[in-house]
Amino acid sequence: MMRRQDVGWWLLILPAFLLMTAFYVAPIAQVLAISFTEPTPGLGNYERLFTSESVQRVIVTTLRICVITTSLSLLLGYVLSYRIALASPSAQRWWILAVLVPLWISVLVRAFAWVTLLRRQGLVNETLIGTGLISEPLALVWNEFGIVVGMVHYMVPYAVLPMLASMREIDPRLLAAARGLGANRLTIFGRIFLPLSLPGLLAAGVLVFIFTLGFYITPALLGGGKTLMVAEWIGLQILDLLRWGLGTMMATVLVVAILVTLAIFSRLVDMKRVFGGGGA
Amino acid sequence: MSAAGHALALRGLSKRYGSFTAVADVSLDVGQGEFLTLLGPSGSGKTTILMCIAGFVEPSEGAILLDGRDITALPPERRDFGMVFQGYALFPHMTVAENVAFPLRVRKLGAAEREAKVRAALDLVQLSAFGERLPRQLSGGQQQRVALARALVFEPALLLLDEPLSALDKKLRAELQDELKALHRRIGRTFVNVTHDQEEALSLSDRVAILNHGRLIQQGAPAELYERPVTRFVADFLGKSNFLAGTVQEALEGGFAIGAGATRILQAATSTPPIGTPVLLSLRPEKMALLAEGETAENAVAGTIAGWSYLGAGYALNVATPDFGTLRVTLPTWNAPIAPREGLEVRLGWSSAASVPVLDDVSPDDAA
């Protein structure tokens, strides 16, 4: 039985709930439903998951790029968070600012910046040729490499924030205690710091992974249309080829994949800690 | 565990942070198997000294010697000292047994030996049944005992305790004080304890070192410090004390007489300061008695009760006197000669050996 005061609380979120349902959930559901009706009613679009090589290639490419991007972002982000967590409070502020500044720059600007750096006549290739290290320019952009560079750059702040939050919760006395009990730096890291920062690492992993799954602009610009990820592929199906059924099928798969990832993750970690719910 | 205490010595230890001096020229010896407590108010430098001993803080000057060997430059992980941190610092992601096994694991002991030692250490603190629990599933007192077991399991040369009982409630604190004392007797190791709780220091320690503003003020056995404080700070910090100010009037056999206003007080002493010098006497509240009609004492002062409180085992009276301000007197309740009442006129008496001359080292900003 719901108590009366509980009903009151639920009534408070009712307007927001109705608004979300009417203008967000319902249209999305409607679009996703197209995957079962176009071009003919049935599961025909989903059959393509198992039969179409091009559909499978897009999924495999997306997963591969996501896994590589997530791993690199976590690695770089972890090192960065570790450095920040152990810095003095005043240095921490500057570090965090430096991490956050890229977040405020348009993703479009950043993607084009990478293009100018990485293209055949870009700064990187020119420098390498100038120093005589290579004679032919390297293919650094308009391929998977370019996509990964751009996405890692975009994702590192998202990896740092949850990890830094969980590292800051680690009582520095635990590290001192471990040292006092005879542990060297490596042991302290491996047995104390790493296990205690694991929730943050997992949270960052899920956040970055979900983000990269649906990433559109960066792969579209740095992939040069040759390497297709799921989001760009969906856009292509719907906008250029007008295959709504196939496009929305992939969108459904994407939504389900994200929900499944979140479900698995919520089993592993207390979600409240990741998204900053109240209380300890 | 074998009785293998080690001796620690501090020589001219100082620690400065910029222009702030946390520890100033402290020299101290801790004998084999001794229980030494560093006692002082917050900011007295006691914790800094402990952190220097542990190796977490590098002294600005001075040396730390273990059995005569200079260990000042040795990092904490190579000192082999057990330490119980304030708040215990148990590893939250490890079980009790894993916590206790941690120092053995980093020393690369074999699994069988490790298990045996963990069991022995948990037995020692009576937590054998709790090995598989996580620290957060234990009470404060149990966590404290886990921290002790973890600090002792690798048979450290020295056990350092940083306010080990401060997080516990009063009753539990008294219980664990007894346990800690019994543990120290049983294993015969050298303990260095830091606290701001004077009762804990008195009841636990073989010897107490009292610190203030980074300086070592006095050290000695608890009874010695309590009965013969050298300075006003020591007398005031360790228990409660009245302070009687006066000037030396006359040298007598076995002591001297001081005058304050119209009152003359006798003080037992082996030497007499020059006539006319100001002196300060420390007089404990329990060392005075209420004098009955016609009863005499070496020192007698008349006053009126300005306030009183009932403390169960005793009464605490504030007696206003003309020459010494308000004096605090405690009387055992069970044979109190009077029923206290505000405004009652009383006479206080004490022997010349009850009070002690002390140096006045309390500056105005120390006043509590």
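Colleague: In which loop of chain B is Lys108(B) found?

Modeller: This is a predicted model, in which local features need pLDDT of at least 70 and side-chain atom pairs count only at pLDDT 80 or more, while totals for chains, interfaces and linings use all residues. Residues are numbered from 1 along each chain as its sequence is written, and chains are lettered from A and ligands numbered from 1 in the order in which they are written. Helices (H or I, at least four residues) and strands (E, at least two) are DSSP runs, numbered from the N terminus. With those runs as landmarks, Lys108(B) sits in the loop between helix H2 (96-106) and helix H3 (111-124) of chain B.

Colleague: Is Lys108(B) buried or exposed?

Modeller: Lys108(B) has a positive phi, near 60°, in a residue other than glycine. A residue is buried if 20 or more other C-beta atoms lie within 10 Å of its own, exposed if 12 or fewer, and partly exposed in between, with the C-beta atoms placed from the backbone. Because Lys108(B) has 7 other C-beta atoms within 10 Å, its class is exposed.

Colleague: How is Gln126(B) classed, buried or exposed?

Modeller: Gln126(B) lies in the loop between H3 and helix H4 (140-152) of chain B, and its phi is positive, at about 55°, although it is not a glycine. The count for Gln126(B) is 12 C-beta neighbours inside 10 Å, and therefore this residue is exposed.

Colleague: Which strands stand at the edges of the six-stranded sheet of chain B?

Modeller: Strands of a sheet pair through backbone hydrogen bonds, either parallel or antiparallel, and two strands are taken as paired if DSSP finds at least two bridges between them. The open sheet has the order S6-S7-S8-S3-S9-S10 (chain B), with mixed pairing. Two of these strands each have a single partner strand, so that one side of each is left without a neighbour in the sheet, and they are S6 and strand S10 (215-220) of chain B.

Colleague: Which residue in S8(B) is the bridge partner of Phe35(B)?

Modeller: Strand S3 (residues 35-39) and strand S8 (residues 190-195) of chain B pair in the parallel sense over five bridges. Within S8(B), the partner of Phe35(B) is Phe191(B).

Colleague: What angle does the direction of helix H1 (residues 46-54) of chain B make with that of S1(B)?

Modeller: Four strands of chain B form an open sheet with antiparallel pairing, in the order S2-S1-S4-S5, and in it strand S1 (residues 8-17) pairs with strand S4 (residues 61-66) over five bridges. Two residues are in contact if their C-beta atoms, placed from the backbone, lie within 7 Å, and helix H1 of chain B packs on the sheet by touching S1, S2 and S4. Axes are lines fitted to C-alpha atoms, for helices over the stretch in contact, and angles run from 0 to 180 degrees between N-to-C directions. On that scale, the angle between H1 and S1 of chain B is about 115°.

Colleague: Which element gives the most residues to the side of chain B that touches chain A?

Modeller: In this interface, 17 residues of chain B are in contact with 15 residues of chain A. Strand S6 (81-84) and H2 are the elements of chain B that give two or more residues to this side. The element that gives the most, with three residues, is H2(B).

Colleague: How far apart are the C-alpha centres of the two domains of chain B?

Modeller: Domain bounds come from an automatic or database domain assignment, which divides chain B into domain 1 (8-231) and domain 2 (236-366). Eight residues of domain 1 of chain B are in contact with eight residues of domain 2 of chain B. Between the C-alpha centres of these domains, the distance is 38 Å.

Colleague: What is the omega of the peptide bond from Glu38(A) to Pro39(A)?

Modeller: In chain A, Pro39(A) lies in the loop between helix H1 (4-37) and helix H2 (44-51). The peptide bond from Glu38(A) to Pro39(A) is cis, and its omega is near -15°.
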